[in-house]
Amino acid sequence: MPSIDQQVIDKILLNPSIGNIWIAFSGGLDSTALLHMLAENSEKLIGKKITAVHIDHGLQKVSSEWAKFCGELVRSYGINYKLVTLNLEKTPGESIELSARNARYSAFEQLLNKSTDTMLFAHHADDQVETFLQQAMRGAGVQGLSGIPESRKLGKGRLLRPLLDISRKQLEVYAKQQHLKWIEDPTNQQSDYDRNLLRNEIIPLLEKRWPGAKKALLRSASHCKEASEQIDAFACAELQRICTGNLIDVAELKQLDFIKQKNILRLWIRNNSIVLPNTDRFESGIESLLNAKADKNPILDWDFGIIRRYQGMLYIDKIKESDKLFKEKGWDLNVPVALNKRLTLVSTSGAGIGISKQCIDRNDISIRYRQGGERCRPFGRNGSHELKKIFQEYQIPPWIRGSIPIVYIGGEIACVVGCCYCRPFAEEGESIIKISQKLIET
């Protein structure tokens, strides 16, 4: 049987699409062992840039010392080192543990800029057992009981966990044989954290009463993974049938039984990288979304996401700290202008219908958002029209209308972005200005 480091390297090389390799490096036993395996087998990873990333959460006084230790160790192997320092802000209702995890994964996502970039995590078989038990205590279904996935999308790249088949005991033996040094986090002994309680007290007790309990729990997680994959395969086929442009047709969904509806919506939510709601909220929300009267616009919202019904379709979005809309912002049309952290407004030259190029030198151009009661004079139409009617015509959902930028010249609307250009500033021809929103890459 190959050594554990050979098993790990083989698992990495089984993914031919892997380009640059990043490793989430805490300095603990698990990630130190993984780092050493990469360093010792670097000749097999030729052409792949390896970078170890240490996250300093700033939660302990010694965190800066740990960062220094990690940097020195990584560089001693001739591996690139990157330190990311976080300023954690605890979200209401979130534990500091969850806040730290969310901030950590967000930092990792921002590092992966290509589809071939891969972040290695050092989760092992014992972590899988702990996750299974945690999910069981939450009443999770087969998807949750499947445990930690070996690979999944992360940012523009992927994450990979090559140690999931290896126990912590095996890693300890490897580390001692290689005379490795690592950080021992004292909080790992504090059983007031759920995972530590499982690791330090409950799992040893289970092993004492039922020798081989870990292996049995890992088998159960594997069985749940197989069942989950079968459920997802059916749900995926149905989702593709009833979903257009990430919108679900309510009439089609209503033709299915309740269990199938739940499976499809769960997959849809996960596909949008949103944490699932709890069972009670989820099931009652489905009832409202599907059975409310036709003239209603019901919603299902929870801490992480929101699903809305509008004109017979279901829309989904993440719940996040909303970007504040400014009241008014000046613009000279020459350079892109940031609307918020994610969107920018740009102008380009082109042909068709747009704003006259003569407007570009004016100093009274501004961007605003809808307040209510606005009217405009769309190019090619007679008279003025209520902005509300324009939005209805373009089938823009009500919750989006207040965040659509409106370009004013003087006191008149010149452009409702994504909808229309307006008189007296609009014209048709070869030399006009077109305005559009673009997502800011982060």
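A residue counts as buried when its relative accessible area is under 20%, as exposed when that area is over 50%, and as partly exposed in between, with a 1.4 Å probe and protein chains only. The model is predicted, so local features need pLDDT of at least 70 and side-chain atom pairs count only at pLDDT 80 or more, while totals for chains, interfaces and linings use all residues. Residues are numbered from 1 along each chain as its sequence is written, and side-chain values use heavy atoms, with hydrogens and water left out.

**The whole chain**

Begin by selecting the protein chain. The C-alpha trace spans about 80 × 55 × 40 Å along its principal axes. The chain has 14 helices and 21 strands; these are DSSP runs, numbered from the N terminus, with helices (H or I) of at least four residues and strands (E) of at least two. Of the 442 residues, 42% count as buried. A contact means heavy atoms within 4.5 Å. Among contacts between residues at least 6 apart in sequence, 67% join residues at least 24 apart.

**Helix H1 and its buried face**

Next, select helix H1, residues 4–13, in which Ile4, Asp5, Val8, Ile9, Lys11 and Ile12 are buried. Seen down the axis of H1, these buried residues fall within an arc of 155 degrees, so they line one face of the helix. The arc is that of the directions from the helix axis to the C-beta atoms. An α-helix has 3.6 residues a turn, so residues three or four places apart point the same way. Now show the partners: the buried residues of H1 pack against strand S1 (21–24), H2, strand S4 (118–120), strand S6 (157–160) and H7.

**Ser31 in helix H2**

Move to Ser31, which lies in helix H2, residues 29–40. Is Ser31 buried or exposed? Ser31 counts as buried because its relative accessibility is 4%. A polar contact is a pair of N or O atoms within 3.5 Å; within protein, one must be able to donate a hydrogen and the other to accept it, and residues adjacent in sequence count only if both atoms are side-chain atoms. The side chain of Ser31 reaches the backbone nitrogen of Ser26 at 3.2 Å and that of Gly27 at 3.3 Å. Leaving aside neighbours within four places in sequence, Ser31 is in contact with Ile23, Ala24, Phe25, Ser26 and Ala122.

**The second largest pocket**

Select Asp126, Ser167, Arg168, Lys169 and Lys214, which lie nearest the centre of the second largest pocket among its 20 lining residues. The elements that give two or more residues to this lining are helix H5 (125–137), helix H7 (168–177), helix H8 (194–209) and helix H9 (213–242). On a 1 Å grid over the protein atoms alone, a pocket is an open set of points with protein on both sides within 12 Å along at least five of seven lines, and lining residues have an atom within 4 Å of a point.

**Leu267 in helix H11**

Continue to Leu267, in helix H11, residues 258–271. Leu267 is buried, with a relative accessible area of 8%. Select Asp232 as well: the C-alpha atoms of Leu267 and Asp232 are separated by 6.8 Å, although the two are 35 residues apart along the chain. Which residues does Leu267 contact, leaving aside its neighbours within four places in sequence? They are Asp232, Ala235, Cys236 and Leu239.

**Loops with particular backbone angles**

Most residues other than glycine have a negative phi, and most peptide bonds are trans. Select Asn246, in the loop between strand S7 (243–244) and strand S8 (247–249). The phi of Asn246 is positive, near 70 degrees, and at 33% relative accessibility this residue counts as partly exposed. Then select Leu333, in the loop between strand S12 (328–330) and strand S13 (337–338). Leu333 also has a positive phi, of about 70 degrees, although it is not a glycine; at 2% relative accessibility, Leu333 counts as buried.

Finish at Pro424, in the loop between strand S20 (420–421) and strand S21 (426–439). A cis peptide bond joins Arg423 and Pro424, with omega about 5 degrees.

Technical notes: On a 1 Å grid over the protein atoms alone, a cavity is a set of points where a 1.4 Å probe fits but cannot get out, and a pocket is an open set with protein on both sides within 12 Å along at least five of seven lines; lining residues have an atom within 4 Å of a point.
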